[in-house]
Amino acid sequence: MLVEFSMITNDLNISYKVFGKRDDNIITFPDKSVSNTLMIVEFWDTEIEIKRIGEVEMLQTFRLNEKCEGYYKNNSGINFKISSLTTKMIVEENQIYLEYEYYLENEWQSSNKLKIIF
């Protein structure tokens, strides 16, 4: 299955297409923005959880109008707390769309738009 991933932030635009797989409400695909890292997206009507495993380990949870805590770690020893305040969430049969405010160690970093088509 082809997965289209795109994320737009204040100063960054990541977009790629890659082959992945879907098992019910879980999508798994290689993260082309980080080498040797797999992205796992688990989604429901009211919550989305995005995990990265590999050279980068990350957890982000999204619930509309809630600030959700997560983390980021990499192989170089960098480790910090992240959080996301979701302002828009659309979950459809073959698409996820999010708009959220991204925080690093409780300091606002960027306004982000994330879209995954599968």
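Author: Start with the labels. Strands are DSSP runs of at least two residues, numbered from the N terminus. Keep in mind that this is a predicted model.

Reader: Where is Asp24 placed?
Author: Asp24 sits in the loop between β3 (21-23) and β4 (26-30).

Reader: What should I look for in the backbone there?
Author: Look at phi. Most residues other than glycine have a negative phi. Asp24 is not a glycine, yet its phi is positive, about 55 degrees.

Reader: Is Asp24 buried or exposed?
Author: Exposed means over 50% relative accessible area. Asp24 has 64% relative accessibility, so it counts as exposed.

Reader: Which residue other than glycine has a positive phi near 50 degrees?
Author: That is Asn36. Asn36 lies in the loop between β4 and β5 (37-43). Its relative accessible area is 62%, so Asn36 is exposed.

Reader: Now strands. How do β8 and β9 pair?
Author: Strand β8 (residues 67-74) and strand β9 (residues 79-92) run antiparallel, with seven bridges. One example: Tyr72 has Phe80 in β9 as its bridge partner.

Reader: How many residues lie between β8 and β9 in their hairpin?
Author: Four residues lie between them, and Gly77 in the turn has a positive phi of about 95 degrees.

Reader: What does β9 do with β10?
Author: β9 also pairs with strand β10 (residues 95-104), antiparallel over ten bridges. Here two residues link the strands in a hairpin. Ser83, for instance, has Tyr103 in β10 as its bridge partner.

Reader: Tell me about Tyr103. Is it buried or exposed?
Author: Buried means under 20% relative accessible area. Tyr103 has 15%, so it is buried. It belongs to strand β10.

Reader: How far is the C-alpha atom of Tyr103 from that of Ile82?
Author: The separation is 5.6 Å, though the two residues are 21 apart along the chain. Beyond four places in sequence, Tyr103 touches residues including Ile82, Ser83, Leu85 and Trp108.

Reader: Can we try a charged residue? Where is Glu49?
Author: Glu49 is in strand β6 (residues 48-54). Its relative accessible area is 17%, so Glu49 is buried.

Reader: What makes a core?
Author: In soluble globular proteins, nonpolar side chains tend to be buried together. The largest nonpolar core here has 27 residues, and Phe5, Phe29, Val41 and Ile48 touch the most other members. The element that gives the most to this core is β10, with four residues.

Reader: Which residues does Phe5 contact?
Author: Among its contacts beyond four places in sequence are Ile14, Tyr16, Phe29, Met39, Arg52 and Leu114.

Reader: What classes of residue line the largest pocket?
Author: Its lining has 14 nonpolar, six polar and three charged residues.

Terms used
Residues numbered from 1 in each chain as written. Predicted model: local features only at pLDDT ≥ 70, side-chain atom pairs only at ≥ 80, totals over all residues. Heavy atoms only, no water. Buried < 20%, exposed > 50% of the residue type's maximum accessible area, 1.4 Å probe, protein only. Pairing = 2+ DSSP bridges. Core = buried A, V, L, I, M, F, W, Y, C linked by side-chain atoms within 4.5 Å. Contact = heavy atoms within 4.5 Å. Nonpolar A, V, L, I, M, F, W, Y, C, P; charged D, E, K, R; others polar.
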